[in-house]
Amino acid sequence: MLFSGLIYAQNAPPASPKPHYCNETYGFCVDYPASWKLLGEVYEGHGAAIAPVQKGNEARWDSVTVAAVEIPAQEGKDPATVEDLVTSLIGKMAAQTPNMQTVRRSEETLAHHPAQLVQVRYDENNERWGETIVAMDGGNDIFYTVVFKCRVLDEAKYQAAVEGLLKSFRLTQ
């Protein structure tokens, strides 16, 4: 009986390819669940927003944004680091959102590169929201970010899908 599963797996039809978003300009791709929707490009073509289909206005949907961020080196200054990018993002969020708190900050890996993860909570439109930001240095003054934003109550519902999306993130150049 144990081998029947192996035989079935070998003879099973190939899995249909997952939908994906690729940004040829900045050299990255990410797969996302077939039930999710590509909402469109963001940040003037630097990335895209992807979301599970939900009711209501798409602008208020729980979503994932994948993007490249260019931070050119400035003459006479050290090049920007992932730490600089994450600290800047957290500072801007804290200035713009009420009751923001950092719940987690850790060293991680994205596309086989060192990355930083920061998880924050804040209040928006009378609801508690969370964002998980994963950022990595891609070299040549380009950083990559994957940002998952949702209502705190919905985080567990999307956790497996977001982890799969993060695992699928890859550089193409």
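Asparagine 125 lies in the loop between strand 7 and strand 8 (127–139). Strands (E, at least two residues) and helices (H or I, at least four) are DSSP runs, numbered from the N terminus. The backbone of asparagine 125 has a positive phi of about 50 degrees, although the residue is not a glycine. Alanine 111 is likewise not a glycine and has a positive phi, of about 55 degrees. Alanine 111 is found in the loop between strand 6 (101–110) and strand 7 (113–124). With 17% relative accessibility, alanine 111 counts as buried. Buried means under 20% relative accessible area, exposed over 50%, and partly exposed in between (1.4 Å probe, protein chains only).

The model is predicted: local features need pLDDT of at least 70 and side-chain atom pairs count only at pLDDT 80 or more, while totals for chains, interfaces and linings use all residues. Residues are numbered from 1 along each chain as its sequence is written, and side-chain values use heavy atoms, with hydrogens and water left out.

The protein chain has 3 helices and 10 strands. Their order along the sequence is α-β-β-β-β-β-α-β-β-β-β-α-β. The C-alpha trace spans about 65 × 40 × 30 Å along its principal axes. Of the 173 residues, 40% count as buried. The chain exposes about 10500 Å², of which carbon and sulfur atoms supply 53%. Accessible areas come from the Shrake-Rupley method with a 1.4 Å probe; for residues, only the protein chains shown count as cover. A contact means heavy atoms within 4.5 Å. Among contacts between residues at least 6 apart in sequence, 46% join residues at least 24 apart.

The chain carries 15 positive and 22 negative charges, and their mean positions are 9 Å apart. Lys and Arg count as positive and Asp and Glu as negative; His and the chain ends are not counted. Each charge is placed at NZ of Lys, CZ of Arg, CG of Asp or CD of Glu.

The structure holds 6 aromatic pairs. Rings of Phe, Tyr and Trp (its six-membered ring) pair if their centres lie within 6.5 Å; planes under 30 degrees apart count as stacked, over 60 as edge-to-face and the rest as tilted. Tryptophan 36 and tyrosine 158 form an edge-to-face pair, 6.3 Å centre to centre with 85 degrees between the planes. Tryptophan 36 lies in strand 3 (residues 36–42) and tyrosine 158 in helix 3 (residues 155–168), so the pair ties together parts 122 residues apart in sequence. Tryptophan 36 is buried, at 9% relative accessibility. Tyrosine 158 is buried, with a relative accessible area of 9%. The ring of tyrosine 158 also pairs with that of phenylalanine 148: the centres are 6.3 Å apart and the planes at 85 degrees, so this pair is edge-to-face. Here phenylalanine 148 in strand 9 (residues 142–151) is linked to tyrosine 158 in helix 3, 10 residues apart. Phenylalanine 148 counts as buried at 9% relative accessibility. Tyr21, Phe28, Tyr144 and Phe169 form one aromatic cluster.

The charged end of lysine 149 sits over the ring of tryptophan 129, 5.0 Å from its centre. This arrangement requires NZ of Lys or CZ of Arg within 6 Å of the ring centre and within 35 degrees of the ring normal.

Arginine 128 is placed in strand 8. Arginine 128 is partly exposed, with a relative accessible area of 25%. Not counting residues up to four places away in sequence, arginine 128 touches Asn99, Gln101, Arg121, Tyr122, Asp123, Arg151 and Val152. Arginine 128 and tyrosine 26 are 102 residues apart in sequence and 33 Å apart in space, C-alpha to C-alpha.
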